[in-house]
Amino acid sequence: MLFLTYCIVLPCRVWQLVLLLFPSTVTAEESSLLDGWHDVWLFRFLINMLGYSTIIIPGYLLISYFKRTNYIETGSGICYPVIKTCVFGGEAKTGLSEDVSIGSRNEGDSGSSVRQAIKLVFCAAGLQVSYLTWGVLQERVMTRSYGALTTEDEGERFKDSQFLVFMNRILALTVSGLWCILFKQPRHGAPMYKYSFASLSNILSSWCQYEALKYISFPTQVLAKASKVIPVMLMGKIVSHKSYEYWEYFTAVLISVGVSMFLLSSTASKHPSTVTTFSGIVILIGYIVFDSFTSNWQDNLFKYKMSSVQMMFGVNLFSCLFTVGSLLEQGAFFDSLAFMTRHSEFAFHAVLLSVCSACGQLFIFYTINQFGAAVFTIIMTLRQAIAILLSCFLYGHAVTLVGGFGVAVVFLALFLRVYARSRMKSGRRSAQPLTQKV
């Protein structure tokens, strides 16, 4: 009898602890046990991971079998080219810089200064419009209700972040696929399954990005993304034993000070969405971890001979496979489609959100190709600052004087990093011909 009582009480205690650590966003009237489980972000995260595992585990077993049996030497038949491409790839690793980077430098240096200025304005405008619209829509979809006919009517909120990730990825897959068909690309050599690692981390980082808006304000999320340089430096120091210049440590400290000033100055009395909860912080940490892994894994994949659009296609292909599989297994895919049919405004916002995401990725590739990473970083840093101001103006986020000064400190530190890095690169380029002459 004592054992039975223990078995009943313990799960209740665990459930209370989970609700305490990961508070739900629903009202007290709706917080039944079943609804509570569905509204706890950690539960949704684990369910999504379970859905992805139903694809990952069979895929891993198949890949291990084909490698163990040396299928590339012994295989044949109609499925052989597909299996070879997915498991073994077409070519060995090659240096991407020999083809792509030289071409991009020549493209960026060619043409008159007026033509280059027009290109720069085009790139900056495209990035700003794409990602500012994307940021505004992201906050609208995740923090506001649909279908409210009167001010007293609460309407209905869309809660499935994974469906929004799927919408973004399916359009990006279509755009990158058409781009690869219409424009000549390098011969692809990477095994297709290697894209799945970056794809999974990319899905999880995007999910965290949407989910975090249920617990924290959009300006807080933008600042947290801007401070991503701090954990990246720590990871590089611990894992890769990298050394950093004094200005990198200085700007990292400035960023941490600025973010701390903004977070500590946010008060619950200003606006409900400005409250930074423990759940929001945990989700943002997850975003930073997953996003850092994505960029590092993609850098490793670029050792194969491929273009950025081919990378975009491969990652989004697996992203669509993972998300649609998980959504169908949960039954959430048709629920989300039903929500779209009930609320045409949400359908428009979701499609426009996906269009902005896909176009933004193409503008990223084109800008880096034409002008390099430094110019792109400056444009995107300005975009983050404008996004914070726009969010505060449209959604009424309250920022105190101390918080505004903290935001200014963060972006000042980011600009200092870009300036110092560009000075170091120009110094190396100017010193290199001297060593060659000697």
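R44 is buried, at a relative accessible area of 16%; here buried means under 20% relative accessible area, exposed means over 50%, and partly exposed is anything in between, with a 1.4 Å probe and protein chains only. This is a predicted model, so local features need pLDDT of at least 70 and side-chain atom pairs count only at pLDDT 80 or more, while totals for chains, interfaces and linings use all residues. Residues are numbered from 1 along each chain as its sequence is written, and side-chain values use heavy atoms, with hydrogens and water left out.

So what does R44 pair with? R44 forms a salt bridge with E211, and their closest N and O atoms are 1.8 Å apart. The term salt bridge stands for a side-chain nitrogen of Lys or Arg within 4 Å of a carboxyl oxygen of Asp or Glu. Side chains of opposite charge can pair when their charged atoms come close. R44 sits in helix α3 (residues 41-68) and E211 in helix α9 (residues 195-212), so this pair ties together parts that are 167 residues apart in sequence. Helices in this text are DSSP runs of H or I with at least four residues, strands are runs of E with at least two, and both are numbered from the N terminus.

E211 is buried too, with a relative accessible area of 0%. K214 also forms a salt bridge with E211, with 3.2 Å between the closest N and O atoms. Both K214 and E211 are buried. Through shared partners, the salt bridges join R44, E211 and K214 into one network.

By the same rule, the count comes to 4 salt bridges. Another one of them pairs R140 with E345, the closest N and O atoms being 3.6 Å apart.

The side chain of T143 makes a polar contact with the side chain of R144, at 3.0 Å. A polar contact is a pair of N or O atoms within 3.5 Å; within protein, one must be able to donate a hydrogen and the other to accept it, and residues adjacent in sequence count only if both atoms are side-chain atoms. Leaving aside neighbours within four places in sequence, T143 is in contact (heavy atoms within 4.5 Å) with R157 and L213.

Now hop over to α16 (residues 344-371), where you'll find I364. I364 is buried, with a relative accessible area of 18%. Which residues does I364 touch, once neighbours within four places in sequence are set aside? They are L127, Y131 and F376. The C-alpha atoms of I364 and S308 are separated by 9.8 Å, and these residues are 56 residues apart along the chain.

Next, the cysteines. A search of the whole structure finds 0 disulfides, a disulfide being a pair of cysteine sulfur atoms within 2.5 Å. C356 is in no disulfide, and the nearest cysteine sulfur, that of C359, is 7.0 Å away. C356 is buried, with a relative accessible area of 7%, while C86 is partly exposed at 32%.

Phi of N70 is near 50 degrees, a positive value in a residue other than glycine. N70 is partly exposed, with a relative accessible area of 35%.

With 24 residues, α13 reaches 35 Å from its first C-alpha to its last, close to the 34 Å expected at 1.5 Å a residue; the expected span is 1.5 Å times one less than the number of residues. The buried residues of α13 include S279, G280, I283, L284 and Y287.

Finally, zoom out. The protein chain has 18 helices and 0 strands. Buried residues make up 42% of its 438 residues. Among contacts between residues at least 6 apart in sequence, 83% join residues at least 24 apart. The accessible surface of the chain comes to about 23700 Å², with 69% of it belonging to carbon and sulfur atoms. Those areas come from the Shrake-Rupley method with a 1.4 Å probe, and for residues only the protein chains shown count as cover.
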